[in-house]
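Biologist: I am new to this structure. Please show me how to read its features, one by one.

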Amino acid sequence: MGKWQDQRNFLSKLSVHRVTNASKILASYYRSRFNQQPTISGLPISLSVEPTTACNLRCPECPSGLRSFTRPTGKLPMELYQQTIDELHPTLLYLLLYFQGEPYLHPQFLELVEYAAQRNIYTATSTNAHFLTNEAAQKTVASGLDRLIISIDGTTQETYESYRIGGKLDKVLEGASNIIRWKKKLRSRTPNVIFQFLVVRPNEHQIDEVQQIAKKIGVDEVRFKTAQIYDYEQGSPLIPNQEKYSRYRQQADGSYAIKNKLLDHCWKMWHSCVMTWDGRIVPCCFDKDAHHVLGSVQEKSFREIWYGEAYQQFRSQLLQSRQQIDICQNCTEGTKVWA
């Protein structure tokens with residue numbers, strides 16, 4: 001499909017309501033920054049929804065992989081999901097069906113996609129591609145999914161499984177090939193298929209090779225992602241030597257510090273949020289264990305939560321001192337509009 005066609009597809013989802021809502025959100029974000037007081041007008045432009053916390057792999061630095069959640073685990077009930085989409089779809093532009101876990105382990109995952117796609121919301125997901133069988137690939141293309149991010153963190157089995165523990169590279173390549181083949185068979189421009197390469201020290205020498213593999217299969221894009229390391233201060237064998245692919249910089253005393261300046265504002269707190277599988281609303285994807293629950297759609301409407309006291313207090317705290325918020329301390333995102 002290609003990056004430019006994907007952008008055209010994204011823009012095709014715009015409507016008067018969605019453009020008006022985005023304008024209100026943008027204005028309230030800048031007004032809040034200027035006044036140092038949180039104001040909010042409009043509903044989120046973007047939403048991440050967690051289909052399930054279950055995963056077939058055991059990746060380090062991942063709560064799903066480590067089985068280390070302190071919050072409840074499970075899968076998203078269809079009724080709860082439909083309730084949220086029904087409330088938000090007039091203004092919601094982008095839906096990421098992913099937070100923690102492997103989305104394809106949800107037995108109704110493609111029904112979740114279809115429900116949003118039928119309401120002209122741009123839909124995306126991220127997968128380790130181990131479940132993209134021929135049948136699943138056909139259904140994925142037919143579902144209306146707009147973007148499919150496939151994690152591929154190595155070009156040899158040895159390198160791949162050093163991070164994607166328990167994974168099989170040949171399954172990833174087979175799954176990607178299945179999607180491309182069915183796009184051609186069904187003459188579909190979607191989903192836009194992206195190889196996402198999480199750059200860590202064991203695989204950074206394979207950056208050129210993954211681009212060659214993507215071209216051979218027919219993948220639309222390759223994106224390189226920096227890795228979040230939980231205990232980075234004294235270094236980690238995962239921190240790459242190529243600094244441009246690292247979130248951290250080594251200091252004169254040998255310790256490491258995050259590159260990002262923790263400025264006291266965050267675009268994400270105004271335009272997006274995350275819903276866990278059981279309906280809890282948390283600020284962003286850095287709150288993987290849902291320590292900052294701002295409300296639950298099982299108890300209140302989304303609008304009540306979005307405009308509620310807990311959300312406003314969190315935005316206020318961020319505007320006053322972002323460094324005091326634990327999930328912000330290892331963050332490299334969110335400070336720029338459209339980041």
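Biologist: Which residues line the largest cavity?

Modeller: First, the ground rules. This is a predicted model, where local features need pLDDT of at least 70, side-chain atom pairs count only at pLDDT 80 or more, and totals for chains, interfaces and linings use all residues. Residues are numbered from 1 along each chain as its sequence is written, and side-chain values use heavy atoms, with hydrogens and water left out. On a 1 Å grid over the protein atoms alone, a cavity is a set of points where a 1.4 Å probe fits but cannot get out; lining residues have an atom within 4 Å of a point. Here the lining is Cys266, Lys268, Met269, Pro283, Cys284, Phe286, Phe314, Leu318, Arg322, Ile327, Cys328 and Cys331.

Biologist: What volume does the largest cavity have?

Modeller: A volume is the space filled by probe spheres set on the points, with grid points joined across faces, edges and corners. For the largest cavity that gives about 70 Å³. The whole structure has one cavity of 30 Å³ or more.

Biologist: Which helices each supply at least two residues of that lining?

Modeller: Helices are DSSP runs (H or I, at least four residues), and strands are too (E, at least two), numbered from the N terminus. Helix H10 (268-271) and helix H12 (309-321) each supply at least two residues.

Biologist: How many residues of the cavity lining are nonpolar, polar and charged?

Modeller: Ala, Val, Leu, Ile, Met, Phe, Trp, Tyr, Cys and Pro count as nonpolar; Asp, Glu, Lys and Arg as charged; the others, Gly among them, as polar. The lining of the largest cavity has 10 nonpolar, no polar and two charged residues.

Biologist: Now the second largest pocket. Which residues are closest to its centre?

Modeller: A pocket is an open set of points with protein on both sides within 12 Å along at least five of seven lines. Of its 15 lining residues, Gln228, Tyr230, Phe286, Asp326 and Ile327 are closest to the centre. The lining holds five nonpolar, five polar and five charged residues.

Biologist: How do I read a pair of helices, such as H4 and H5?

Modeller: Two packed helices are described by the angle between their axes and the distance between the axes. Axes are lines fitted to C-alpha atoms, for helices over the stretch in contact, and angles run from 0 to 180 degrees between N-to-C directions. The axes of H4 (residues 78-88) and H5 (residues 109-117) come within 11 Å and cross at roughly 20°. H4 and H5 are therefore roughly parallel (an angle under 35 degrees).

Biologist: Which residues of H4 and H5 meet?

Modeller: Contact means heavy atoms within 4.5 Å. Met78, Tyr81, Gln82, Ile85 and Asp86 in H4 meet Glu111, Leu112, Val113, Tyr115 and Ala116 in H5. Seven of these contact residues are nonpolar, one is polar and two are charged.

Biologist: Where is the cis peptide bond?

Modeller: Most peptide bonds are trans. Here a cis bond joins Thr190 and Pro191, with omega about 0°. Pro191 sits in the loop between helix H8 (169-185) and strand S5 (192-199).

Technical notes
Parallel < 35°, antiparallel > 145°, perpendicular 65-115°, else oblique.
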